[in-house]
Every structure is written in structure tokens, then in C-alpha cells.
Amino acid sequence: MTPETTPVPESGRRCPEPLYGPEFAADPAAAYRRMRRTGPTAPVELSPGVRATLVTGYDAALHVLRSPETFSKDSRRWRDMADGTVPADCPVAPMMAYRPNALLTDGPEHRRLREAITDSLGGVEPHALRNYVEQSADALIDRFAAAGEADLLAGYARPLPLLVLNRMFGCPPEYGERLVEGMAGIFELVDAEKANELLTTTVGALIALKRRTPGRDVTSRLIAHPARLTDEELVHTLVLLIGAGTEPEQNLIANSLRLLLSDDRFAGSLSGGSLPVEDALDEVLWSDPPMANYAVHFPVHDVLYEGTLLREGHPLVISFAAANTDPALVAEQHPGNRAHLAWSAGPHSCPAQGAARLIAAVAVEKLLDRLPDMELAVPVQDLEWRPGPFHRALAALPVSFRPAAVTRAAEGERPAGDEASAAADRRDSAPPGGRRGAPEAAAPASGWARLLAWWRGE
């Protein structure tokens, strides 16, 4: 990419592709194929009247993500917002307008804010996190195990990150519910301004609570960090972390379960070859990443790229989904290859990807362990996707299964933080051989049961 001092007209470009509404949500891959016909970038609308350029090529995406000197994350550079072309209350503003956090800053300011994040998240011990995900997963599964059917999105993938988030951030349950409600409204562009107000107000209340009663949690560590974040920076840093830990995490869990329950490579006969859960996560992160289009950048000057002018201050949105499925990369997408862009890349790559992957993997494995004969309740092509330009999100994930026994008390009956009781429960509920929660049966009957038996070496 080279700077261009004389404006270059955009020639041969068609009308912007809308990235909102049910049509795009139902088949974004078709939209990406259309856009690729004109090169690695294409004009789009993120919501009515909000123009941007979508980066659909893998190499182009990497170049943008790794070139902060040319492409800034600071959305105060957004010209259409600054001159009033895009109103401040437009539906995508909460996801794009400037906030003083690590995602939307550059240079030393970004490094200071990111260091506070990485240090505060570094206090989360992976073994303790795994244990808490397992406890939360068991509590949620117990709520529907005996029914023989469930919506795994509403009953599992959505509340599980909330339970984990509440523990990690020292967040009272009622605060957590409001935070998830706020994030969902922002992602779906449904009264986004009101949702943003709910989100920031609740985060402010959480900070006030932790100032009065600090604990061993991410919020308290952020408040006490040597970077000395201001109150405004604390609010918007927590908005960033909570946003990343709820909506994208639930989508990663749900999209992985969808793949595992619908693709014979994973759930099929062992004689035909089956792939493990970790490979399913990798495939989702390649083909259906939970954040499909984001990492908004703003050129600091006019840039000419393959005949297309990228204008100073015009939003440049990275399509992780389109870049990951760039036809030039087909040969690279094999099990174990994690060169996808689902976690972004460069200085703004996700600092919590290890924890996010652990949560999703444990959530999926625990569910399949407890309900090994689970099947989709509708054909996979009948599943609906929620509209929105940024995420890849199912509206529901209905399944059916053989009713299973409840293995432990529901979450909330044990005082928060009672790890001794949690450990005792795990010991008491583990049957001989160490396998928990499996219904007594003579022999594995389904593809999933055979896969799980093979996975354990049985």
C-alpha cells in the first residue's frame, strides 16, 4: 500500500453491500463471494447510511492489522462521524465511536491500557478457571438434563459466559444480567443507544462497588493497577472486556456445538474418521468466527491499494470471516492450523484468547460428556442467524437427547467462592472410573458416544 497525494477516483465499484438485515445474516458467505469479485476490499453499509470499506482478503487484512503507523484504531479520526454525516446516535456508534480503552487507541496510550488488561487477566489461574467453567456447566445442564430437549443457546451458551464473567470480574448476578442485555442490544443494533447507556451505567456501578469492597477479581486488579486508569478509562476498559467475554464467547460455544452436531467428520462413525473437539473449535474460528467483521481502522492518509482509494478517516473494517475463507488459503485450513484471524492480529490481537478458548472447549466437552446422544432438533439448514454486521450469531440451537440424571445441586445453592464445597461435590459426584454424569447404559449407541469412548481410550 502506498500513500496517494492526489485523489484517485474509485472506478468500477458497485453499490455498497449491506451487512445488516436477515438476508446477510442468512448467507454472509454469498455476500463475501460477490465482494471478492472486485478485489480484496469492497464498499459496504454497516447500517443504513453508514458507509465503510470491508477488507475481504487475508493478506490485505494482515497488512492493515500489522501497520498501525498507516491504519489507526482511534475512531476520533472517523470523518463521517465528525462532520455529522453519521449521527452520534446511529445504531453502530456504540461499537465504533471512540472510547478510551485499549481497542480504540494507538501508540503509548494503547500500550499502557493493554498492559493493565494483560496484567489483570494474568491473575486468573487457568486451573481455577477450568474448574469454575465445569461447575457452571454442570449447574446449567442440570436445569434441562431430565427434559430430553433444550435450546442450547438460551439455556447454555448464553448464560455460561455470564456465570464465568460474574466470577472473574467479581460481578453480582443482577449486574451481570444487565451487562449481557446491554451487549446484546449493541450487537443486534436494537435500540443501541439505550443498550449502551445500560452497559456503561452498570459498569460504573460495578467499579463503585469494587472501590468499596475490593476482592481477588479482574475489576479490583484493574482499579489497583500501577497504570492508574481514570474512572472513564476503567468504565470503557471493562466495557471492552465484558463485551469480548459475553457475546463473542456465547457465539463461539454455540457455533462449535452446531458444527459438532451437524458435520459427519466430527459426529460420524469412527470407521469413517472423526475429529476431536479442539479441531471443531479451530474450524469454527476459521469459517464462522464469532466476530465476523470488526477491527475497525482509519487510514491516517489516503492510501491506494490495488487500484482502490482508501480515504483518510473512512472506516476500514476487517472481515475475519471473509479473510479466513479467502480462496487463496483453502490448502492451509487443516486441523491444527491456527493462523486464522478470529483473534485479530498485530498490536491489537485479543489478549484473552487463551482463556476464551479454554472456556469454550470445556463448555463443549462437558455438554457432550453429560449428553452424549444429543442431536439437533431441526435440520441444520433451518437454524436461524441473528442479524447484525459484526457478529456471527445463532438465534437458537434446539436439540433433543435421552433424558439424563441430575448430578449436582443447582448453581446458587452454594455460597459464592466456597471452593472447598465445590471440590467435595466433584469428589462425591464422580462415579467409579472418574467419569461424571454419564447415564448408565450398556454400550455406546450413538456416534457421539463412540467418539467419546475413543477419545478416552476405552
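I'll start with Glu-306, which is exposed at a relative accessible area of 61%; exposed means over 50%, buried under 20% and partly exposed in between, with a 1.4 Å probe and protein chains only. Before going on: this is a predicted model, where local features need pLDDT of at least 70, side-chain atom pairs count only at pLDDT 80 or more, and totals for chains, interfaces and linings use all residues. Residues are numbered from 1 along each chain as its sequence is written, and side-chain values use heavy atoms, with hydrogens and water left out.

Glu-306 sits in the loop between β8 (303-305) and β9 (308-310); strands are DSSP runs of E, at least two residues, and helices are runs of H or I, at least four, numbered from the N terminus. Its phi is positive, near 50°. Most residues other than glycine have a negative phi.

Arg-228 also has a positive phi, near 55°. Arg-228 lies in the loop between α12 (218-224) and α13 (231-245), and is exposed, at 69%.

Now the helix pair. How do α7 and α18 cross? The axes of α7 (residues 126-144) and α18 (residues 353-370) come within 9 Å and cross at roughly 40°; axes are lines fitted to C-alpha atoms over the stretch in contact, with angles from 0 to 180 degrees between N-to-C directions. The crossing is right-handed, meaning the near helix is turned clockwise from the far one by less than a right angle.

The contact (heavy atoms within 4.5 Å) includes Leu-129 and Val-133 of α7, and Leu-358 and Val-362 of α18.
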